[in-house]
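Please read them next to the coordinates.

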Amino acid sequence: MNDPHRDVGATTFTTSRDPADDDAELLRRIGQGDEDAMAEFYREHGRVVLTQVLLVTGERVLAEEIVQDTMLAVWRGAGSFRGESSVRSWVISIARRQTRDRLRGRRLRVVDGAFLADQPGSGPGPEVMALDRAELAEVRVAIRELAPAHREVLGLAFGSGLSLPEVAGVLEIPVGTVKSRLAAARTALNRILNEKGQNR
Amino acid sequence: MNADSADTRSPHLDLEDLIAEVTGQPIGGRAREHLASCAHCQLEANRWNLVADGVRGLAADAPEAPQHARPRDTRRRALPRPVRHGLLAVGSAAAALVLLVVIGSAAGVVDVHFGGGGGGTQTTLTAVTGCAQLEQANGTLERVNGNSVVIKAASGQLVTVTTTAATKISASGALLSDITDGTLVSVAGTSSDGMIAADLILVGDKTSLTIPGITTVYGTVSDASTAGFTVVTSTGTRVPVTATGGTDVVVTRASLAMLTPGGSTMVVGHAGPSGTLSALGVVQPPDWPTGAHAGMHVGSCSRASIDHGILALAGG
């Protein structure tokens with residue numbers, strides 16, 4: 001039975017233990033039906049997952065539903081975690097599948113392979129210059145206008161705390177392709193910023 | 001190093017190193033030395049840093065944690081304290097709902113979502129997926145008038161609901177006193193030392209779903225007391241069950257008088273004249289946080305399918 005008066009202080013989970021151990025312990029407790037552990041799991045990962053899903057979907061209500069589905073999947077499947085990846089990349093992978101399933105029927109705008117393979121030039125072309133003079137607020141607006149695949153890879157690389165190999169694991173693509181996609185995302189971002197700059 | 005995305009023979013930092021630098025992850029000593037002296041790589045790092053800041057800025061804009069109100073009925077189990085304080089909206093709601101939603105969604109008949117509470121644009125009656133003639137209304141119970149109930153939808157609109165003897169009514173709350181010897185119950189909870197500490201007791205109906213981490217048992221109550229009871233299964237096994245005032249009890253064959261005024265209420269039925277609803281089911285599930293809405297799915301318009309959905313809404 002859950003004791004509603006038992007507070008799980010933040011310091012409990014900020015000791016010198018390896019965070020990965022804490023995550024694994026949380027999952028073990030969730031597997032045993034520990035509601036406090038589930039709440040702690042939300043605190044630990046919920047916001048990152050929500051941010052990532054929101055970045056891809058652009059729809060808050062949908063993103064919240066997907067996170068909810070994701071957390072239910074965690075509740076159900078905590079015992080299936082094998083420790084072959086970090087808990088963070090595991091839960092983001094679940095969220096990604098949930099997102100994909102939800103968006104499957106929407107004819108999501110997909111970035112074609114040729115575009116993804118497009119590499120930025122090695123020299124500082126006009127698009128790079130656009131990024132150099134852009135303000136942060138403009139970059140944020142421009143990121144929202146990127147294709148979902150580009151928003152996704154940027155979110156995973158910079159917003160989720162995952163390493164590039166972990167990002168590759170989540171996306172189920174080689175690390176090299178992650179790099180290509182990141183580079184293409186930045187090229188697209190530059191392009192958007194450049195167009196906006198020309199329209200000012 | 002030495003693996004620029006455009007030129008694998010480049011002397012400059014590899015994209016992986018640049019990303020690691022921007023995200024505060026460790027990079028090698030040689031890479032760090034190179035970065036300290038290479039204007040090209042510093043510029044690249046600055047560019048990626050701006051992109052990263054943009055992503056982080058969007059993350060900062062992500063929905064903050066609106067505080068969900070405590071359950072409106074203090075007799076009901078309070079949300080766990082860690083959940084009540086400073087969690088994401090989805091977190092706090094889902095944690096409270098997790099057992100019920102697992103049950104309902106596992107049955108494939110309930111879809112719980114959040115948001116829009118109190119908004120004026122919400123539709124008062126919503127269609128039930130799988131049966132076009134069926135409508136659903138969610139709200140709070142305003143009053144009971146004989147065989148009718150009035151619920152207040154999130155839009156503020158009042159909906160009059162008529163019931164008949166065939167209407168399935170489900171109540172919940174601190175209803176342990178309704179569990180007496182001979183009562184048929186399903187108990188879901190945590191098993192330890194041959195006993196079950198009950199989280200949810202379903203009176204009158206059976207749930208046979210397997211839920212990870214949750215033990216369920218179905219049978220007849222014996223030795224009922226204020227602290228718990230023994231469930232005698234069909235095979236004669238006796239399982240001691242402990243219950244407290246915080247244990248959610250759902251009575252699936254309740255009367256209108258057992259419904260809690262002000263409680264979250266869901267009605268499924270057929271639309272009648274002037275916005276009324278002729279109810280097939282009236283449900284007050286336990287621990288339903290403010291802002292939560294449940295949509296019902298049915299396989300067909302058969303009464304059995306509808307009753308199955310109503311039972312899932314009730315928490316079974």
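1. Conventions. This is a predicted model, in which local features need pLDDT of at least 70, side-chain atom pairs count only at pLDDT 80 or more, and totals for chains, interfaces and linings use all residues. Residues are numbered from 1 along each chain as its sequence is written, and chains are lettered from A and ligands numbered from 1 in the order in which they are written.

2. Main core. A nonpolar core here is a set of buried Ala, Val, Leu, Ile, Met, Phe, Trp, Tyr and Cys residues joined through C-beta atoms within 7 Å. Buried means 20 or more other C-beta atoms within 10 Å of the residue's own, with C-beta atoms placed from the backbone; 12 or fewer is exposed, and in between is partly exposed. The largest core has 68 residues, and I30(A), V53(A), V153(A), A157(A), V167(A) and L189(A) touch the most other members. Helix α2 (residues 35-57) of chain A gives the largest share, 12 residues. Helices (H or I, at least four residues) and strands (E, at least two) are DSSP runs, numbered from the N terminus.

3. Second core. A separate core holds 48 residues, among them C131(B), I196(B), V283(B) and M296(B).

4. V153(A). Contact means C-beta atoms, placed from the backbone, within 7 Å. Beyond its neighbours within four places in sequence, V153(A) contacts V167(A), L171(A), V178(A), R181(A), L182(A) and A185(A).

5. R47(A). This residue sits in helix α2 of chain A. R47(A) counts as buried because 20 other C-beta atoms lie within 10 Å. Its C-alpha atom is 9.2 Å from that of V67(A), 20 residues apart along the chain.

6. Helix α3 of chain A. Its 18 residues (residues 60-77) should span 26 Å at 1.5 Å a residue, and the end C-alpha atoms are 25 Å apart, so the two agree. The expected span is 1.5 Å times one less than the number of residues. Buried residues of α3(A) include I66(A), V67(A), L72(A) and W75(A).

7. Helix α6 of chain B. The 12 residues (residues 303-314) should span 16 Å at 1.5 Å a residue; the end C-alpha atoms are 16 Å apart, which agrees. Among the buried residues of α6(B) are I306(B), G309(B) and L313(B).

8. Chain B overall. Chain B has 6 helices and 15 strands. Of its 316 residues, 44% are buried. Among contacts in chain B with a separation of 6 or more, 63% join residues 24 or more positions apart.

Notes:
Two residues are in contact if their C-beta atoms, placed from the backbone, lie within 7 Å.
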